Amino acid sequence: MLDLLLITVMAAVVTFGWFLMRKLDNALEHVRQEEAALDSGRKNALRIGLSDPLVADSLSGALEQHSSVAVSLFSGTETELLKSFRAHRLDMVFLPEDAPVPEQLLDHVKEVSLEHTPVLLRQGGLQIEPITKGHIHQKIIWAEGELPPAASQLIQSLQRDHSALDAHTMR
């Protein structure tokens, strides 16, 4: 009698688990479809990876010129950013000028110079001033052909700023 009760309970648990897993699969598929619809509707979106979060403040001027673009900034180590870039989760990555770049990406790298700007923290209004004056030199890596129009406009504006800086420093 105890064996029959145990078999009945186990069958109920397995059946409940099976129905629960089907509901979970359906919910995850629904979320995946919503994300795919969002991604296809956000053609004017830009996902940027930064190895140094303070670079985001230096990019703010160039990003303000593209106010119609939805920009998402991500921070991580150089390895994490390159891995996310290869998985197509990032449109472009900013790395320090001395960071190694995989050979297959060398055709899609530009060096830019970003101006140091102070960072103002929301909590307490504390201002963080850069110790060095001048510019931060960064490498931009992007995927040619998959680049949203906003990203190529951003790269062009940063290159113009960089060439203007080079002309100014040469005088």
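1. Helices are taken here as DSSP runs of H or I with at least four residues, and are numbered from the N terminus. The model under discussion is predicted.

2. S84 deserves a separate remark within helix α3. Its relative accessible area is 17%, and the limit for a buried residue is under 20%, so S84 counts as buried. Leaving aside residues up to four places away in sequence, S84 touches R89 and L90.

3. The sheet is open and consists of five strands in the order β2-β1-β3-β7-β4, with mixed pairing. Which strands stand at the edges? These are β2 and β4; each has a single partner strand, and therefore one side of each has no neighbour in the sheet. On average, and with direction ignored, neighbouring strands of this sheet are turned by 30 degrees against each other.

4. The pairings can be followed strand by strand. β1 and β2 are parallel and share six bridges; A45 has A70 in β2 as its bridge partner. β1 is also parallel to β3, here over three bridges, and G49 stands opposite V93 of β3. By contrast, β3 and β7 run antiparallel and are joined by five bridges, with Q138 in β7 as the bridge partner of P96.

5. Is β3 largely enclosed or left open by the rest of the structure? Four of its five residues are buried, so β3 is largely enclosed.

6. The largest nonpolar core has 20 residues, of which I48, L59, M92, F94, I140, L154 and L158 touch the most other members. Two or more residues come from each of β1 (45-50), α2 (55-64), β3 (92-96), β4 (109-115), β7 (135-142) and α4 (149-170). With five residues, α2 gives the most to this core. In soluble globular proteins, nonpolar side chains tend to be buried together.

7. How many aromatic pairs does a search of the whole structure find? The search finds one. It is formed by W18 and F19, whose ring centres are 5.0 Å apart; their planes stand at 70 degrees, and because an angle over 60 counts as edge-to-face, the pair is given that description. W18 is partly exposed, at a relative accessible area of 47%, and F19 is likewise partly exposed, at 47% relative accessibility.

Definitions and conventions
Residues are numbered from 1 along each chain as its sequence is written. This is a predicted model: local features need pLDDT of at least 70, side-chain atom pairs count only at pLDDT 80 or more; totals for chains, interfaces and linings use all residues. Side-chain values use heavy atoms; hydrogens and water are left out. A nonpolar core is a set of buried Ala, Val, Leu, Ile, Met, Phe, Trp, Tyr and Cys residues joined through side-chain atoms within 4.5 Å. Buried means under 20% relative accessible area, exposed over 50%, partly exposed in between (1.4 Å probe, protein chains only). Rings of Phe, Tyr and Trp (its six-membered ring) pair if their centres lie within 6.5 Å; planes under 30 degrees apart count as stacked, over 60 as edge-to-face and the rest as tilted. Contact means heavy atoms within 4.5 Å. Two strands pair if DSSP finds at least two bridges between them. Axes are lines fitted to C-alpha atoms, for helices over the stretch in contact, and angles run from 0 to 180 degrees between N-to-C directions.
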